[in-house]
Amino acid sequence: MDVWQGLVGQTEIISQLRRLAEANAARYRKPDPSADDASADSPSADDASPVLAQPTAGDETRVMPEADPDSDIRLAHSWLFTGPAGSGRSNLALAFAASLLCPDGGCGSCQSCLMARSGNHPDLRVLRTEKVIIEIDDVRDIVAASYLSPSISRLRIQVIEDADRMSERTSNVLLKAIEEPPSSTIWILCSPSEADMLPTIRSRVRTVRLSTPTVEQVADFIVTADGVDPALAMRSAREAQSHIGMARRLATDADSRARRDASVLVLLGIVSSSHVAKGAQDLVAIAEQDTQAAATLRTERDRSEFFRQLGLPLDAPVPAQYRAQVKAFDESNKRLIKRSLLDGVDRILLDLESVGRDALLVRMGVNDGLINVERAPEITAWAAKRTPAQLVGYLDAIAEALTRTTRNVTPLLAFEAMLAAVIDKEAVS
Ligand SMILES: [Zn+2]
């Protein structure tokens, strides 16, 4: 099982990254004395640092031109992995990091690969944020680490997840580091799109664009990973619109499915303006329950992993010397829950957007390709009471609500404004 196992979709990108990692590993393998030309490909002792190249102008739009096996294999210093939330961009970035650290290009079973997978590789540093914004001090820390020599590998890999969550000032701290990195350091940034990064950073990274995995790819993955019934996996992947994490939750947790359905029913139950305030309150309550449930699940998993790393049993009192660490861990989890409420609100908005899109399709006489197939009769009846223009207005209201929640409008107000746009046209008075 190599480091690429368990990733969803992205077949072409993975095959290019794999070739790049394997070629990079091959360069530093001891020359095989039986092969005549092996020495030509192997660097001499004083040329031990990897051959790295900065992206050149015009390269940004091409994915890994060096991955061509016939060309000189060179690695860019700085990478940007882009893809929508749930596309698996961070997992792919971490797999690439592990493959570059592995002496065999990502075998998945050596000491290096095991350390990388458990998050304990001394030459792999990952910055994840628990907040809406990445703190400048956290970036200063990871930048300082980038100047250290690798301890056990030939390379040091620095990953920043959600790199779009940096202010301009923070981005500039990073910019200096990726402009002139030591030859053994590789940066991998992740963000939803290139547009989320400053142009100065964009021009210095090689971009790898992930595509949204297909519903079938996500469903296959869930069937394999979680042993879920294929029909349920397909429905979950479709309803989650290929968001891998969300699809897994829907497929494995009946409560998540019930909450999604409840939010859809809130929308379909809005007839007159008297329903709007109550409907918005119900949606906030669903978002809170959903957030709490997701955070509890994640916290329990992370906490048991954290305790395992410390070598502590979960059910015994924490020894005094570890109390500060455990307290810091629990505090950071509280911040995580706060951020997830916004994610939960966004999730509901995306679910309700899918209902609006289905309604518009049905209204135009198209019955194929619906997302909420199981609620098609209710959506059809609902759509019949609204004009296409009103349904388009509703979709605009959702887009507006999605930007509002990022500007700190309360979820309640954002939901109210959105629901007010769907009042049954005959009921307006
Ligand atoms: Zn390995």
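In α9, the buried residues are Ala233, Met234, Arg235, Ser236, Ala237, Arg238 and Glu239. The model discussed here is a predicted one. Helix α9 spans residues 230-239, and seven of its 10 residues are buried, so it is largely enclosed by the rest of the structure. As for what does the covering, the elements over the buried residues of α9 include α8 (215-226), α10 (244-252) and α11 (254-268). Just past the end of α9 comes Gln241, with a positive phi of about 50°.

Stepping back to the whole chain, the protein has 16 helices and seven strands. Of its 429 residues, 36% are buried. Contacts between residues at least 6 apart in sequence were also sorted by separation, and 71% of them join residues at least 24 apart.

Next, the nonpolar cores. The largest one holds 47 residues, and within it Ala97 and Ile188 touch the most other members. Helix α3 (residues 89-101) is the top contributor to this core, putting in nine residues. Leaving aside residues up to four places away in sequence, Ala97 touches Ala116, Leu124, Ile157, Val159 and Ile188.

Two packed helices are described by the angle between their axes and the distance between the axes. Here the axes of α12 (residues 276-310) and α16 (residues 411-420) come within 8 Å and cross at roughly 130°. That angle makes α12 oblique to α16. As for handedness, the α12 and α16 crossing is right-handed.

Sorted by type, the residues where α12 meets α16 come out as 11 nonpolar, two polar and one charged.

Definitions and conventions. Residues numbered from 1 in each chain as written. Predicted model: local features only at pLDDT ≥ 70, side-chain atom pairs only at ≥ 80, totals over all residues. Helix = DSSP H or I, 4+ residues; strand = E, 2+ residues; numbered from the N terminus. Buried ≥ 20, exposed ≤ 12 C-beta atoms within 10 Å, placed from the backbone. Contact = placed C-beta atoms within 7 Å. Axes fitted to C-alpha atoms, helices over the stretch in contact; angles between N-to-C directions. Parallel < 35°, antiparallel > 145°, perpendicular 65-115°, else oblique. Left-handed = near helix turned anticlockwise from the far one by under 90°. Nonpolar A, V, L, I, M, F, W, Y, C, P; charged D, E, K, R; others polar. Core = buried A, V, L, I, M, F, W, Y, C linked by C-beta atoms within 7 Å.
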